[in-house]
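Please look over the sequence and the structure shown here before reading on.

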Amino acid sequence: MFIVPEIRAALSVLLLIQLAAESLLANELTLMSHQSPRPNVVFILADDLGWGEVGCFGQSKIPTPNIDLLASRGVKLTRHYSGAPTCAPSRCVLMTGKHLGHSEIRGNQQAKVKLPQFTEGQHPLSDKALTIARLFQKAGYATGAFGKWGLGPVGSTGEPNRQGFDEFFGYNCQALAHSYFPKALWKNGESIVINEKPVPGHKKQPEGEVTMEAYQGEKYAPRLIMAEALSFIDRHHQQPFFLYLPLTEPHVAMQPPPKIVEEFPAEWDERVYRGDGGYLPHPRPRAAYAAMIRDLDNHVGDVIASLEKHGQVDNTLIVFTSDNGATHASANPDFHVGGADPLFFNSTRELKGFKGSIYEGGLRVPAIVSWPGQIPPATTIDTPSYFPDWFPTLCSATNLPLPEGLDGVNLLPLLTGKTSPGQFVRPEPMVWVYAEYTGQVCVHLGDFKVLRRGLRTNRPGPWEVYHLVSDPGESTNLADSRPDLIAKAIEVLKSQTLPNEVFPMPECDLPVVEKGAPKAKTQGKNRSRQESGATE
């Protein structure tokens, strides 16, 4: 076959170009093969787990060997704070990286209060919200959430599949998560019936024998949720994945498997709980509460075992923490809400306050980060940190672009030891603007904490100032001697609090109303948590 010289020359050039391209591609593939794969991220969020309720944080009565194993492989953050003192707002802060002054969700308000078309679920995130899951999804990560959502009903802008999750299985509405034997769970947009005879999460039993069996159902929701989560790892371990596990334990009602309850001493329980402090009765409330934390630890162990099975432990950054502090007091003087007894378990390790409070016991939570080969094992960091920090930290760990407008700081240099605690700098104070439980605000200024409560009542409380290093129990109010810190906190709160029509807050510097004096004027309605449709 005859080919003119010009065509032969052109073909030669094309061949050279092709060979060069193939060589370049081969070099790129070789380079990529020598690079570490993008790490997986597993974020485990316990529900109402107190600062001192796991072994590595000082718990002596409840064994948590799997959580303790994570701590031995990584770092404990002993002054880590949740995004809010209750569920939904804390999860909003976690997902969006914005503190309560900037976040869309500042309370547990039911969606139906503002959006009557919904019969379940909490007020939704908007379609403008940028969650960490959306960022992972855009970067090619498989994304899955399994557990309790609480940031918008199915069909709303806040549903998990519209906020960056490829897969969701669990409770959408946190009010329905009060029962561990619900009628149905959500699988993406489909409601899956799991119990034809569900067990409601609230009932009183003033008389008669209280038994565990009376409040057990056929299918235990946490078991199904964990099965879906482990299946997610099985199906996606060959690609980078983001697994978000907002588990329900140890939030009441107390309905753990009786077999686990029997692991704990019978002499613990001198009194039967009859449900008069909310949720469900239980014949052995202390043992039942311990069983819930023990089962939570089992779930953590299942995740670790799955990662080990697939050879992904060293390539997975695991975070374990809680959405807020331990369960607060109830109308029953012998028990906290739902029959819990945080005093017996020393759940806050003498910190003041519980869930719903901006005192340390309501906000300070256990936090552990494990990433073998990247984070030194068995280390402890007491530098203050909080939920807005996770968004930039996970972006840094996975080399994702950092969005503008985040309120947290990247903790990775601190976690890996590349930055010492003394070198770590937080450019802005940590801030909380919480619209429920009377309305509360809080600012950390160095080692000092400035707070105020009762802002959504007719009698706003006074300012309080505590030095957390010397007084972690918040026993000595320094407000009279440190007006400068109060003035600084007011300045911070005014600059760091955006208007929020759904969760309005009065001005932080309302005048204190003394007993018998005229009532203060507050912005918006003076509504209690119950009146606003809030759910725990």
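A salt bridge is a side-chain nitrogen of Lys or Arg within 4 Å of a carboxyl oxygen of Asp or Glu. By that rule, a search of the whole structure finds 22 salt bridges. The structure is a predicted model, in which local features need pLDDT of at least 70, side-chain atom pairs count only at pLDDT 80 or more, and totals for chains, interfaces and linings use all residues. Residues are numbered from 1 along each chain as its sequence is written, and side-chain values use heavy atoms, with hydrogens and water left out.

One of the salt bridges joins the side chains of R73 and E308, with 3.0 Å from N to O. R73 is part of helix 2 (residues 65-73) and E308 part of helix 7 (residues 285-309), so this pair ties together parts that are 235 residues apart in sequence. Helices (H or I, at least four residues) and strands (E, at least two) are DSSP runs, numbered from the N terminus. Burial is judged by relative accessible area: buried means under 20%, exposed over 50%, and partly exposed in between (1.4 Å probe, protein chains only). R73 has a relative accessibility of 24% and therefore counts as partly exposed; E308 is partly exposed at 43%.

Another salt bridge links D334 and R271, whose closest N and O atoms are 3.8 Å apart. D334 sits in the loop between strand 9 (316-322) and helix 8 (342-345), and R271 in the loop between helix 6 (258-261) and helix 7, so the pair ties together parts 63 residues apart in sequence. D334 is partly exposed at 38% relative accessibility, and R271 is partly exposed at 36%.

Are the partners of the next pair, R286 and D341, buried or exposed? Their side chains meet in a salt bridge of 2.9 Å, N to O. R286 lies in helix 7 and D341 in the loop between strand 9 and helix 8, 55 residues apart, so to speak distant parts of the chain. Both R286 and D341 are buried. Elsewhere, salt bridges that share partners join D47, R91, K148 and D323 into one network.

Next comes strand 8. Six of the six residues of strand 8 (residues 241-246) are buried, so this strand is largely enclosed by the rest of the structure. Both of its faces are covered, with F241, L243 and L245 buried on one side and F242, Y244 and P246 buried on the other. Two strands pair if DSSP finds at least two bridges between them. Strand 8 pairs in the parallel sense with strand 1 (residues 40-46) over five bridges, and also in the parallel sense with strand 4 (residues 142-148) over four bridges. L243 is the bridge partner of V42 and of G144.

The loop between helix 5 (221-236) and strand 8 contains Q239. With a relative accessible area of 32%, Q239 is partly exposed. Contact means heavy atoms within 4.5 Å. Apart from neighbours within four places in sequence, Q239 is in contact with N40, G140, Y141 and A142. Q239 and A142 are 97 residues apart in sequence, but 7.4 Å apart in space, C-alpha to C-alpha.

Last comes confidence. The pLDDT is the predictor's confidence in each residue, from 0 to 100. The protein chain has a mean pLDDT of 91, and 89% of its residues reach 70 or more. Residues 1-35 have pLDDT below 50, and this stretch has one contact in the model beyond near neighbours in sequence. Residues 516-533 also have pLDDT below 50, with 37 contacts beyond near neighbours in sequence.
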